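Trainee: I would like to learn how to read the features of a structure, one at a time. Please show me the general idea and then the case at hand.

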Amino acid sequence: MTSVLGYARTFFIGGQYRPEPLPSLKDEIIRFHDMLEELARQIDAGTPLLQGMSAERLLQGPFSDAMTHAGQLAMLRRLAGIPVPPENFMFADIEPERLGIEQAEPVQPDEKWDEAPAGWLPPSKR
């Protein structure tokens, strides 16, 4: 996902984005959040898009691709037996100032989860 967002960033700053693999997953997660913050800075600053790119094409291209990857990761976690707990994302605590690794807890997690792993407790029982 970092590479997809890095590609999107090139339409603001030019060049190419071809990162070398990092030694650990933790390092990759940090790099992802750094890239997300950098891309948000470019958007927030109103940096003009390059090469005739439009906001609609960014949404239909790399941004949609990144969202698809998020869904694929959720599916892989489910298959591995460590699924992402369900919640109502319409009420998620999403703030542009919080794009780093520290994320908010779910605002409206689901109370019922039929496929929950052993030991999972609904929010009302935590």
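Mentor: Start with a pair of charged side chains: Glu-115 and Arg-78 meet in a salt bridge at 3.8 Å, N to O. The term means a side-chain nitrogen of Lys or Arg within 4 Å of a carboxyl oxygen of Asp or Glu. Because Glu-115 lies in the segment after helix 3 and Arg-78 in helix 3, the pair ties together parts that are 37 residues apart in sequence. Helices are DSSP runs (H or I, at least four residues), as strands are (E, at least two), and they are numbered from the N terminus.

Trainee: What should I know about the model itself?

Mentor: This is a predicted model, in which local features need pLDDT of at least 70 and side-chain atom pairs count only at pLDDT 80 or more, while totals for chains, interfaces and linings use all residues. Residues are numbered from 1 along each chain as its sequence is written, and side-chain values use heavy atoms, with hydrogens and water left out.

Trainee: How many salt bridges does the structure hold?

Mentor: The general idea is that side chains of opposite charge can pair when their charged atoms come close. The structure holds 5 salt bridges. One of them joins Glu-38 and Arg-41 at 3.1 Å, N to O. Both residues lie in helix 2, 3 residues apart, about one turn of the helix. Another joins Asp-93 and Arg-98 at 3.2 Å, N to O.

Trainee: Is Glu-38 buried or exposed?

Mentor: The words have cut-offs: buried means under 20% relative accessible area, exposed over 50%, and partly exposed in between (1.4 Å probe, protein chains only). Glu-38 has 19% relative accessibility, so Glu-38 counts as buried. Arg-78 is partly exposed at 45%, as are Asp-93 at 35% and Arg-98 at 24%.

Trainee: Which residues have the most contacts inside the largest nonpolar core?

Mentor: A nonpolar core is a set of buried Ala, Val, Leu, Ile, Met, Phe, Trp, Tyr and Cys residues joined through side-chain atoms within 4.5 Å. The largest one here has 13 residues, and those with the most contacts inside it are Leu-5, Ala-8, Leu-39, Leu-58 and Phe-63. Helix 1 (2-13), helix 2 and helix 3 are the elements that give two or more residues to this core. Helix 1 supplies the largest share, 5 residues.

Trainee: What is Leu-39 in contact with, leaving aside its neighbours within four places in sequence?

Mentor: Contact means heavy atoms within 4.5 Å. With those neighbours left aside, Leu-39 touches Leu-5, Ala-8, Arg-9, Phe-12 and Phe-63. Beyond four places in sequence, the contacts of Arg-31 are Thr-2, Tyr-17, Pro-19, Glu-20, Pro-21 and Leu-22.

Trainee: How many aromatic pairs does a search of the whole structure find?

Mentor: Rings of Phe, Tyr and Trp (its six-membered ring) pair if their centres lie within 6.5 Å; planes under 30 degrees apart count as stacked, over 60 as edge-to-face and the rest as tilted. The search finds 2 aromatic pairs. The rings of Tyr-7 and Phe-11 have centres 5.1 Å apart and planes at 85 degrees, so this pair is edge-to-face. Both residues lie in helix 1, 4 residues apart, about one turn of the helix. Tyr-7 is partly exposed at 46%, whereas Phe-11 is buried at 6%. Trp-113 and Trp-120 also form an edge-to-face pair, 5.1 Å centre to centre with 90 degrees between the planes. Trp-113 is buried at 8%, and Trp-120 is partly exposed at 22%.

Trainee: Where does Gln-51 lie, and what is its phi?

Mentor: Most residues other than glycine have a negative phi. Gln-51 has a positive phi of about 60 degrees although it is not a glycine. Gln-51 lies in the loop between helix 2 (25-44) and helix 3, and at 67% relative accessibility Gln-51 counts as exposed.
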